[in-house]
Amino acid sequence: MPKGAADTDRPQLYGADYSVYVRIARLALLEKGVAYNLLPIDIFAESGIPDSHLARHPFGKIPALEHGDFHLYETGAITRYVDEAFDGPALQPADAKSRARMNQIISIADGYIYPHLVWGLYVECIEKPKRGEAPDEDRVESARGVAPISLTVLADLLSEHRWMCGDRLTLADLYLAPMIDYAVEVPEFREMFAEHRNLGDWWQRVTALDSFRDTQPSS
Ligand SMILES: N[C@@H](CCC(=O)N[C@@H](CS)C(=O)NCC(=O)O)C(=O)O
């Protein structure tokens with residue numbers, strides 16, 4: 001239920017289940033216990049992005065959220081809104097330093113992990129060959145440079161905690177989960193990942209979450 005219970009409309013989330021960012025928003029909704037509808041939008045359709053979606057998201061990305069007459073895009077804004085507007089377990093730490101750490105990890109995910117580990121490794125090394133396309137070697141090379149740095153940084157930040165920011169699951173974990181899920185499909189990344197025992201323990205906890213299992217991409 002939304003806080004204040006003035007608006008009981010189900011949030012409508014526009015996107016596709018293969019999308020990393022749509023999955024992050026869905027993980028936040030599920031972890032809060034919020035019932036929502038996922039309305040399919042294929043931004044990679046041959047016919048292009050539908051005008052109705054561009055009206056919702058002028059940059060043509062997914063996800064976009066509608067909650068009653070409140071319209072929102074950008075996953076960072078959506079997940080923080082979901083956390084703050086609804087009852088359920090807090091997904092952001094209350095103290096300033098832990099919250100800053102969570103925001104730092106989200107920035108690392110947006111700025112380095114998504115472009116390099118999802119696009120530079122997973123898409124180039126797994127998706128493109130499946131489609132019969134050759135990987136862009138420059139892109140793979142630069143992703144290979146970022147991968148070990150990302151893992152070292154995440155392993156240091158995680159330390160011996162259960163979750164990225166301490167004892168409780170936060171948006172930092174929910175951001176990383178769908179990105180790492182694609183990256184671990186790449187054998188060389190999986191090997192690097194296995195060198196960090198604490199990340200392996202964290203990954204077991206992530207993959208055991210009902211929300212994670214319930215949001216597996218269908219293809
Ligand atoms: N800054 C956006 C990024 C969203 C994003 O990149 N979504 C991807 C799907 S995972 C997308 O829409 N890609 C389509 C494209 O880049 O054309 C957010 O945080 O929501």
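Modeller: The largest pocket holds about 770 Å³ of space. A pocket here is an open set of points on a 1 Å grid over the protein atoms alone, with protein on both sides within 12 Å along at least five of seven lines, and lining residues have an atom within 4 Å of a point. Grid points are joined across faces, edges and corners, and the volume is the space filled by probe spheres set on the points. This is a predicted model, in which local features need pLDDT of at least 70 and side-chain atom pairs count only at pLDDT 80 or more, while totals for chains, interfaces and linings use all residues. Residues are numbered from 1 along each chain as its sequence is written, and side-chain values use heavy atoms, with hydrogens and water left out.

The lining of the largest pocket consists of 26 residues, and Ser19, Val20, Phe44, Tyr114 and Trp119 lie nearest the centre. Two or more lining residues come from each of helix 1 (20-32), helix 3 (75-85), helix 4 (96-130) and helix 6 (171-183); helices (H or I, at least four residues) and strands (E, at least two) are DSSP runs, numbered from the N terminus. Helix 4 gives the largest share, 7 residues. By type, the lining has 15 nonpolar, 6 polar and 5 charged residues. Domain 1 (12-85) and domain 2 (96-212) each supply at least three residues of this lining, the bounds coming from an automatic or database domain assignment.

Helix 1 also contains Val22, which is buried at a relative accessible area of 0%; buried means under 20%, with a 1.4 Å probe and protein chains only. Val22 and Met179 are 157 residues apart in sequence, yet 11 Å apart in space, C-alpha to C-alpha.

Turning to the strands, strand 3 pairs with strand 1 (residues 12-15) in the antiparallel sense over 3 bridges, where pairing requires at least two DSSP bridges. Tyr14 stands opposite Ala64 in strand 3. Strand 3 also runs antiparallel to strand 4 (residues 70-73), joined by 4 bridges, and His67 faces Phe70 of strand 4 across this pairing. The hairpin of strand 3 and strand 4 has 2 residues between the strands, and Gly68 takes a positive phi near 60° there.

In a regular strand the side chains alternate between the two faces of the sheet. Within strand 3, Ala64 and Glu66 point one way, Leu65 and His67 the other, and all are buried. His67 has a relative accessible area of 3%, and its side chain reaches the backbone oxygen of Asp9 at 3.2 Å.

Conventions
Buried means under 20% relative accessible area, exposed over 50%, partly exposed in between (1.4 Å probe, protein chains only). A polar contact is a pair of N or O atoms within 3.5 Å; within protein, one must be able to donate a hydrogen and the other to accept it, and residues adjacent in sequence count only if both atoms are side-chain atoms. On a 1 Å grid over the protein atoms alone, a cavity is a set of points where a 1.4 Å probe fits but cannot get out, and a pocket is an open set with protein on both sides within 12 Å along at least five of seven lines; lining residues have an atom within 4 Å of a point. Ala, Val, Leu, Ile, Met, Phe, Trp, Tyr, Cys and Pro count as nonpolar, Asp, Glu, Lys and Arg as charged, and the others, Gly among them, as polar.
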